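This briefing goes through one protein structure, topic by topic. Keep the sequence and the 3D view at hand while reading.

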Amino acid sequence: MHFSLFSAGTELPFSGSNVAFTENNGRQIVIQQFGLANLDVTRKIFVPDTGYFARYMEILTNSGTAPVTVDAQIFSNLGSDFGTRIIATSSGDKVFGTDDFWLVTDDDDGSSPYPNSDPTLAHIFGGPNARLAVSAVNLPPSGSDLLSYRWNNLTIQPGQTVILMHFAVQHSTQPAATASAERLVQLPPEALVGLSSDEIANIQNFAVPADGTSPLDVLNPPQLGSVNGTVLAGDGTTAIANANVTYPQWQFDLWKKRDHHF
Ligand SMILES: [Ca+2]
Ligand SMILES: [Ca+2]
Ligand SMILES: [Ca+2]
């Protein structure tokens, strides 16, 4: 996910620095670039050890003496190329608009989930009752996979910090990606891990509870289990030792739903 500021119409891409550091027990990467459009910019990218999403914080601090006004844009090449299609958006239609908080895209119609096609993607970039809504979104029709969303005319006062938070998800199936977006937009506990009180107060595009608590229950960790079996040779009886067996997660999920037992 690329991040750019626009100052008086000129794009200033965030290029970071040669050194990053970590927070939250190594789960969060922190990259900084000072003096971009006269702002100190910090990107924090967090992936919980239970997985399923990446949380981005774009942190803009004005350490100067004059107000700074910029546009801020997130841009990504989704990788789905000419197969790109919108699966769902938060407004309930399949049109990506500024009234959306998230969208789900894929490179296939859902009948060939990962690993037989690319994973389904979800991007969550705002929530209800926030101080700031997204100003413009774009995913060109007719098969382009160039996604962007942006917030225009942000004025950061001297001494002020403004944070834009957003999430990116890859999932094996379309229903799982949509369920992830529907959960993340409500700021579940796993989405708020490791946020400081200052960060919570400065996030503009989600209404984060001041005490950092979530209205949702903790996500139950995935059930772990084991599968035992024997790989047989073509004669159907001779056991093959140390055979490699791969089994896609989505297929395993389907079998579980059909009440198969191992
Ligand atoms: Ca592409
Ligand atoms: Ca929509
Ligand atoms: Ca796919």
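Which residues does alanine 181 touch, not counting residues up to four places away in sequence? Alanine 181 touches Trp102, Val104, Ala122, Ile124 and Val169, where touching, or being in contact, means that the C-beta atoms of two residues, placed from the backbone, lie within 7 Å.

The model is predicted: local features need pLDDT of at least 70, side-chain atom pairs count only at pLDDT 80 or more, and totals for chains, interfaces and linings use all residues. Residues are numbered from 1 along each chain as its sequence is written, while chains are lettered from A and ligands numbered from 1 in the order in which they are written.

**The sheet**

- An open sheet of eight strands runs in the order β3-β4-β5-β6-β13-β10-β9-β8, with antiparallel pairing. Strands (E, at least two residues) and helices (H or I, at least four) are DSSP runs, numbered from the N terminus, and two strands pair if DSSP finds at least two bridges between them.
- The edge strands are β3 (21-23) and β8, each of which pairs on one side only.
- On average, neighbouring strands of this sheet are turned by 25 degrees against each other, direction ignored. Axes for such angles are lines fitted to C-alpha atoms, for helices over the stretch in contact, and angles run from 0 to 180 degrees between N-to-C directions.
- Helix α1 packs on the sheet and touches β8, β9, β10 and β13. The direction of α1 makes about 10 degrees with that of β10.
- Strands of a sheet pair through backbone hydrogen bonds, either parallel or antiparallel.

**Strand pairs**

- Strand β4 (residues 28-36) pairs with strand β5 (residues 39-46) over seven bridges, in the antiparallel sense. Here isoleucine 31 stands opposite arginine 43 of β5.
- β4 and β5 form a hairpin with two residues between them. Alanine 37 in the turn has a positive phi of about 55 degrees.
- Seven bridges also link β5 to strand β6 (residues 54-61), again antiparallel; lysine 44 stands opposite methionine 57 in β6.
- β6 is joined to β13 by eight bridges, and these strands run antiparallel. Arginine 55 stands opposite phenylalanine 167 in β13.

- Five of the five residues of strand β9 (residues 102-106) are buried. A residue is buried if 20 or more other C-beta atoms lie within 10 Å of its own, exposed if 12 or fewer, and partly exposed in between, with C-beta atoms placed from the backbone.
- Both faces of β9 are covered, with Trp102, Val104 and Asp106 on one side and Leu103 and Thr105 on the other.
- Strand β8 (residues 85-89) is joined to β9 by four bridges, antiparallel; threonine 89 has leucine 103 as its bridge partner in β9.
- Four bridges also join β9 to strand β10 (residues 120-124), antiparallel, and tryptophan 102 has isoleucine 124 as its bridge partner in β10.

**The nonpolar core**

- The largest nonpolar core has 44 residues. Such a core is a set of buried Ala, Val, Leu, Ile, Met, Phe, Trp, Tyr and Cys residues joined through C-beta atoms within 7 Å.
- Strand β13 (residues 161-171) gives the most to this core, with seven residues.
- Those with the most contacts inside the core are Trp102, Val104, Ala122, Ile124, Val169 and Ala181.
- Alanine 181 is found in helix α1 (residues 174-184). It is buried because 24 other C-beta atoms lie within 10 Å.
- The C-alpha atoms of alanine 181 and valine 169 are separated by 7.9 Å, with the two residues twelve apart along the chain.
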